[in-house]
Amino acid sequence: MKIQPTRSIWSIVALAGSVAVFNACSGTTKVASGSTAPAAIPAPTGLTRFVDPYIGTGFHGHVFMGANVPFGAVQLGPVNISEGWDWCSGYHYSDSTIIGFSHTHLSGTGIGDLGDVAVMPTTGEVQVMRGSVKNKSRSYVSAFSHEDETARPGYYAVQLKRYGIRAELTASERVGFHQYTFPQAKDSHLIIDLQQGIGWDQATDTHLEKLNDSTLVGYRFSKGWAKDQRLYFAAVLSKPMREFASVQVVDSLGNTTPATKGTRLKGVVTFATKAGEQVKLKVGISPVSTENALANIQAEIPHWNFQKTVAAADAAWNQELGKVQIKTENQDQQKVFYTALYHTMIAPSTFNDHNGDYWGTDKKVHKNASFTNLTTFSLWDTYRAAHPLFTILQTSRVNDMVNTMLAIYQQQGKLPVWHLMANETNTMVGYSAVPVVVDAYLKGFDGFDANLAYEAIKTTAMRDESGLKAVKELGFIPANSEVENVSKGLEYAVDDWCIAQMAKKMGKQEDYAYFSKRAKNYQNYFDKSVGFMRGRVSKTEWRTPFSPFQSVHMKSDFTEGNAWQYTWLVPQDVEGLVGLLGGEKRFTQKLDSLFTVQGNMGEEASPDISGLIGMYAHGNEPGHHITYLYSYVGQPWKTAEKVRFIMDQFYTTKPDGIIGNEDVGQMSAWYVLSAMGFYPLNPANGAFVFGSPMVQQATLALPNGKSLSIEAKNNSATHKYIQSVTRNGQPYLKSYITHQDLMQGGTLVLEMGPKPSPTWGVAPENRPRSVMQ
């Protein structure tokens, strides 16, 4: 198997970058002295002790670092001075600078945004500029060391070397709670930076005002990946302000003028501090108003007990992590598993107030909604495994997710594509909310209007944008009319298959026939003469020249991939794909070749194409189902070999321990499900295909007090092949299990062995099928 350069290379690069940045910063600053050791926060005792938030902060993982609670609106964490693709979350392990602690962050995205309401504690002469890597003079940036940093679910702490200030952060759903331990200083400050954002984010209108000697309110409107972002906030201090100034920066030198509104607005809070004095700050956020932001503080953290809030956040994480109790060979496997599970619960994030109010895509305030409104839907990624995982472990939230999508449909005329802060970014291809909505409906979730849901999925599919007009007229998207046409067409076929299944269950036979036909459109991109999916200009002409290896980012027929990778994107009709490729034998031969073939993707290939085994790219989502295809042709042992290799090699406990962009929980959801022993190859048929469990045992807490016990007997690094399965003591011959059977609970016992079983999962009647009976 051919894989990418080992992550140790990236670790060396990261450490070298850290030293370089640290020296550049510490060489120009003076560390304050006189601070005393703060009271220690008790160590976690539950499953949170296995979560390592550093995993994925190196290489291209892009994960969030900081304090939050499951699916919370607030992600309160540090922002580095560096910018670029590896800083999409605002933080990268290679860096050793901090320019503030912001209240909103993205986790595992390939585009940077958010970073709202940054707070930076300082001492001495006031500086209001964040600075840059090339120019740190007249700025408030500070160096830090990972040795002086603590990170765990719901809590983050770091020592700011420049000022001798210890910063500690925790959070509730809508409130960020800061605790700063200052040295003795006549002039200690909190800089509130409303100009600063992350990545593409740019302030368009901000406001800051003082209500009383301990309360500030304001808003931050900005544009970036999401074009019209609006966030209101209220900040309450435990210590009265001696002085407060709100200023607008007027030039690149940091000169200012008094102002309460502007696009380069900074607030400066000043007070004197004693050595070891702790100053606390609670910042509530709201998509609706400053009044609601204040009310969120009162509702969620009405006290000043920082440790109590840390304990509450830890308990919230333990409650969610505790839905899966595992036994493994070693602690590293537990760390990888529970960190992955943690990463699946950062988003979708809450986007409403404690009273239910939220800001809609229609730019209106919706009062007291009957559901929890959410945001940060990376659906092109998460429809594949994260949302199917939610239907097992987050059953109480699935209806909220669907209701949010239906509200978005009503407000913007289509289901969300990649939704962020009440904005449609239209990022990535397909209408990938459809599999999520359909999967929920077919699995029996009934906390939403099914008729509205069907209206939403059908209306979304019948629009004319992004090549859909051609889909309706021709059955394919001409390569000379749309960039990424093959990827769009293949994703549309997946989505249309899902619509057909919902139409069938609802008795809409005409729609079932129509969308079933559209679901076969993947066949129109397959060129039998070359054996690959490829772009076609017309019914009689293919795009030339053609290379199955070449990938040109955002300019070719494929989205972050090539023909080798996309030819397999037919999870809705594997039997049909087997037929296209010439039957089971030739299908298997080509699938084997995917993991060994070598070729040059070209200089313009996307950096998202990572985690290579031959041309299989685990670091990018369109391939996440591919290893499980072997079970459809009766060779589940090949699935076991490759799944186990990926889990061993591409998921580790190091900062670069995720082989590619984490993609808002999808990379982690793949691991969580695969480690338990199964994966939803088809995103909406309710079947989970068995692979090779990493855990020795997993116990899942299910609704209504039920539990599911999964035991992998004789499991080890060498005993990776399933020999037989029993369910509730009875032989279970199928190489898949349905969601319905999983949710009934009981006991699954997988007998593992060192060699492939010649019988288990081989017979056609025991293999998974695209359409379950």
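Thr-350 counts as buried because its relative accessibility is 3%, where buried means under 20% relative accessible area, exposed over 50% and partly exposed in between (1.4 Å probe, protein chains only). The structure described here is a predicted model, in which local features need pLDDT of at least 70 and side-chain atom pairs count only at pLDDT 80 or more, while totals for chains, interfaces and linings use all residues. Residues are numbered from 1 along each chain as its sequence is written, and side-chain values use heavy atoms, with hydrogens and water left out.

Thr-350 belongs to strand S20 (residues 349–350); helices (H or I, at least four residues) and strands (E, at least two) are DSSP runs, numbered from the N terminus. A polar atom of the Thr-350 side chain lies 2.8 Å from the backbone oxygen of Phe-71. The side chains of Thr-350 and Glu-173 are joined by a polar contact of 3.4 Å. Such a contact is a pair of N or O atoms within 3.5 Å; within protein, one must be able to donate a hydrogen and the other to accept it, and residues adjacent in sequence count only if both atoms are side-chain atoms. Leaving aside neighbours within four places in sequence, Thr-350 is in contact (heavy atoms within 4.5 Å) with Phe-71, Gly-72, Ala-73, Glu-173, Arg-174, Thr-372, Asn-373 and Leu-374.

Another cis peptide bond, with omega near -5°, runs from Thr-544 to Pro-545. Pro-545 is placed in the loop between strand S28 (532–533) and helix H13 (563–566). Most residues other than glycine have a negative phi, and most peptide bonds are trans. Val-117, although not a glycine, has a positive phi of about 55°. Val-117 lies in the loop between strand S3 (101–102) and strand S4 (118–123), and counts as buried at 2% relative accessibility. Met-421 also is not a glycine and has a positive phi of about 55°; its place is in the loop between strand S25 (418–420) and strand S26 (423–424). With 6% relative accessibility, Met-421 counts as buried.

Attention now turns to the helices. Helix H11 (residues 485–505) packs with helix H12 (residues 509–519) at an angle of about 160°, their axes 8 Å apart. Axes are lines fitted to C-alpha atoms, for helices over the stretch in contact, and angles run from 0 to 180 degrees between N-to-C directions. H11 is therefore roughly antiparallel to H12: angles under 35 degrees count as roughly parallel, over 145 as roughly antiparallel, 65 to 115 as roughly perpendicular and the rest as oblique. The residues of the contact of H11 with H12 comprise 8 nonpolar, 3 polar and 4 charged. Here Ala, Val, Leu, Ile, Met, Phe, Trp, Tyr, Cys and Pro count as nonpolar, Asp, Glu, Lys and Arg as charged, and the others, Gly among them, as polar.

For helix H16 (residues 636–650) and helix H17 (residues 666–676), the axes come within 11 Å and cross at roughly 125°, so H16 and H17 are oblique to each other. Val-643, Ile-646 and Met-647 of H16 make the contact with Trp-670, Tyr-671, Ser-674 and Ala-675 of H17. The residues of this contact of H16 with H17 divide into 6 nonpolar, 1 polar and no charged.
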